[in-house]
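Work through the exercises below with the sequence and the 3D view open. Try each task before reading its solution.

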Amino acid sequence: MNLSQLSIAPILPLWLILLLLAAGAAACVFQFRLLKRRLLGRRALLISFLRLSAFALLGLIALNPFWTERKEIKISPSL
C-alpha cells in the first residue's frame, strides 16, 4: 500500500476541523503558561504536550481516513 490509496471523508467541514485544531493549540499554549507558574517547567511541558496530542488525535479521527484497495478478479469465460 502507498499513500496514494489513502483517502479522507471528514465528518465535519475541513475548515471547521482546522479551526478547532487551532483553537485547541491556542488553549494548550495558554494553559501551559498557567501551569508553568504552579508546576516545574518540564512537567508543565509534558502535560501540555499530552493535551496537544489529544487534540491532534481528535482532529485525525475527525478527518476519517481510510485505505482504498483495488482487486481485480479474472473469471474464465463460460463455455
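**Exercise 1.** Find which residues L12 touches, not counting residues up to four places away in sequence, and state whether L12 is buried, partly exposed or exposed.

*Solution.*
Step 1. Locate the residue in this predicted model: L12 sits in the loop that runs between β1 (6-8) and α1 (14-38).
Step 2. List the contacts, taken as heavy atoms within 4.5 Å. L12 touches I17, L20 and A62.
Step 3. Classify the residue. Buried means under 20% relative accessible area and exposed means over 50%. L12 has 33% relative accessibility, so L12 counts as partly exposed.
Step 4. Compare with a residue farther along the chain. F49 is 37 residues apart from L12, and their C-alpha atoms are separated by 25 Å.

**Exercise 2.** Determine how α1 and α2 are oriented to each other, and which residues make the contact.

*Solution.*
Step 1. Take the geometry. Helix α2 covers residues 41-63, and its axis lies 9 Å from that of α1, at an angle of about 170°.
Step 2. Apply the cut-off: angles over 145 degrees count as roughly antiparallel. The two helices, α1 and α2, are therefore roughly antiparallel.
Step 3. Identify the residues. On the α1 side the contact includes L14, I17, L21, C28, Q31 and F32. On the α2 side, A44, L45, S48, R51, F55 and A62 are among them.
Step 4. Sort by class. The contact of α1 with α2 has 15 nonpolar, five polar and two charged residues.

**Exercise 3.** Q31 and S48 both belong to this contact. For each, decide: buried, partly exposed or exposed?

*Solution.*
Step 1. Place the residues. Q31 is in helix α1, and S48 is in helix α2.
Step 2. Take Q31. Its relative accessible area is 30%, so Q31 is partly exposed.
Step 3. Take S48. Its relative accessibility is 8%, so S48 counts as buried.
Step 4. Look at the surroundings. Leaving aside neighbours within four places in sequence, S48 is in contact with C28 and F32. Q31 and L45 are 14 residues apart in sequence, and their C-alpha atoms are 10.0 Å apart in space.

**Exercise 4.** Which element has the lowest mean pLDDT, and which the highest?

*Solution.*
Step 1. Start with the whole protein, which averages a pLDDT of 87, with 99% of the residues scoring at least 70.
Step 2. Go element by element. The lowest mean belongs to β1, at 81, and the highest to α1, at 92.

Note on methods: Residues are numbered from 1 along each chain as its sequence is written. This is a predicted model: local features need pLDDT of at least 70, side-chain atom pairs count only at pLDDT 80 or more; totals for chains, interfaces and linings use all residues. Side-chain values use heavy atoms; hydrogens and water are left out. Helices (H or I, at least four residues) and strands (E, at least two) are DSSP runs, numbered from the N terminus. Buried means under 20% relative accessible area, exposed over 50%, partly exposed in between (1.4 Å probe, protein chains only). Axes are lines fitted to C-alpha atoms, for helices over the stretch in contact, and angles run from 0 to 180 degrees between N-to-C directions. Angles under 35 degrees count as roughly parallel, over 145 as roughly antiparallel, 65 to 115 as roughly perpendicular and the rest as oblique. Ala, Val, Leu, Ile, Met, Phe, Trp, Tyr, Cys and Pro count as nonpolar, Asp, Glu, Lys and Arg as charged, and the others, Gly among them, as polar. pLDDT is the predictor's confidence in each residue, from 0 to 100.
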